[in-house]
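Okay, thanks for letting me jump in. I'd like to walk you through one structure, so let me put it up.

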Amino acid sequence: MTRPPSGSGAGSPAGRPARLGPAELARARAAAARLHEEFADESDEWDALAESADRDSLTDVPGGVRLQKVLAAAGVGSRRHCEELIGAGRVEVDGEIVRRFGARVDPQHQVIRVDGQRIPASEDLVYLAVNKPAGVLTSMSDNRGRKTMADLLPDVAERLFHVGRLDYDTEGLMLLTNDGELAHRLAHPRFGVPKTYLAEVAGPVPRGLGRQLLTGVELDDGIASADKFRVVEQVAGRALVELTLHEGRKHIVRRMLAEAGHPVSRLVRTQVGPVALGSLRPGGTRKLSTKEVGELYAAVGL
Ligand code: URA
């Protein structure tokens with residue numbers, strides 16, 4: 001039978017703890033303190049990670065729709081592209097960046113932004129551009145039987161708001177939506193959304209007309225001025241001029257040009273904020289793009 005060698009284990013007698021001298025004890029204590037500090041640093045990181053995971057889960061609405069699906073349905077891009085945007089931290093829900101693909105959100109009530117720009121997430125919301133012809137009333141019904149915007153949009157069952165008004169004889173871009181807050185802000189003078197008009201007037205127009213309109217003309221309800229003005233064309237006794245204004249008093253363009261001595265014979269609105277009439281045919285309708293709706297939201301601070 002072999003006996004265990006006596007005095008095994010780090011040169012100390014078996015069963016007895018090693019005795020440290022004062023210097024070794026001080027070194028051991030310093031090492032323990034360093035370890036403690038390092039651990040505390042790391043645990044801060046863990047806390048931060050746990051907190052961000054919590055924040056992600058806060059956006060998880062029970063019964064909600066997956067974020068990448070909402071983004072893709074809103075026209076941001078393919079699901080895969082939307083996942084890349086989420087992974088890159090470019091998507092916000094109610095002001096929180098969400099990096100988790102599976103996050104479930106409520107597109108009806110939550111504000112979703114990509115690169116800071118709001119997207120039209122709710123599939124119930126409709127945003128349309130219409131090219132209103134002359135001889136159509138900017139309303140949804142008329143008790144005198146005149147043609148209205150509803151005649152141009154027979155298939156849209158939702159209740160739409162027209163954003164501001166155009167005169168019966170004015171043509172061009174009208175925005176329609178069932179997004180009440182956006183419609184209200186776009187039409188409200190406080191937000192000063194610029195609108196651009198092409199006006200056919202008796203010509204030729206003098207050089208000073210632009211300066212006069214930019215400085216302001218006196219109307220019976222106060223001064224009105226244009227933000228931009230240019231002469232587009234002059235032919236045989238008539239001129240085409242373009243004006244941009246950020247206010248919407250009744251008949252404002254017609255009254256300004258009449259006051260300046262150039263009554264309007266035809267008026268077309270070509271732009272509202274970021275949305276252009278483009279090549280939309282008279283009476284035609286198109287859906288606004290995700291980008292256009294995002295830019296409209298941005299124009300009125302939504
Ligand atoms: N200014 C007008 O005079 N008429 C319109 O319809 C719009 C702006």
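I'll go through the cores, then a helix, then a hairpin. Keep in mind that this is a predicted model.

So, the cores. The largest nonpolar core has 24 residues, and the ones with the most contacts inside it are Met 174, Leu 175, Leu 176, Leu 186 and Val 275. Five elements, β7, α4, β9, α5 and α8, each supply at least two residues of this core. β9 gives the most, with four residues. Take Leu 175: setting aside neighbours within four places in sequence, Leu 175 is in contact with Ala 129, Val 163, Leu 186, Val 272 and Val 275. There's also a second, separate core of 17 residues, with Tyr 197, Leu 243, Val 253 and Leu 257 among them.

Now the helix, α8, residues 290-299. Which residues are buried in α8? They're Thr 290, Val 293, Gly 294, Leu 296 and Tyr 297. Looking down the axis of α8, those buried residues fall within an arc of 160 degrees, so they line one face of the helix. What do the buried residues of α8 pack against? That would be β6, β7, α5 and β16. After α8 comes Gly 301, with a positive phi near 70 degrees.

Last stop, the hairpin. β13 has eight residues and the number buried is zero, so this strand lies largely in the open. Seven bridges join β13 to β14, and the two run antiparallel. For instance, Lys 228 has Thr 244 in β14 as its bridge partner. Two residues sit between the strands of this hairpin, and Ala 236 in the turn has a positive phi of about 25 degrees.

Definitions and conventions. Residues are numbered from 1 along each chain as its sequence is written. This is a predicted model: local features need pLDDT of at least 70, side-chain atom pairs count only at pLDDT 80 or more; totals for chains, interfaces and linings use all residues. A nonpolar core is a set of buried Ala, Val, Leu, Ile, Met, Phe, Trp, Tyr and Cys residues joined through C-beta atoms within 7 Å. A residue is buried if 20 or more other C-beta atoms lie within 10 Å of its own, exposed if 12 or fewer, and partly exposed in between; C-beta atoms are placed from the backbone. Two residues are in contact if their C-beta atoms, placed from the backbone, lie within 7 Å. The arc is that of the directions from the helix axis to the C-beta atoms. Two strands pair if DSSP finds at least two bridges between them.
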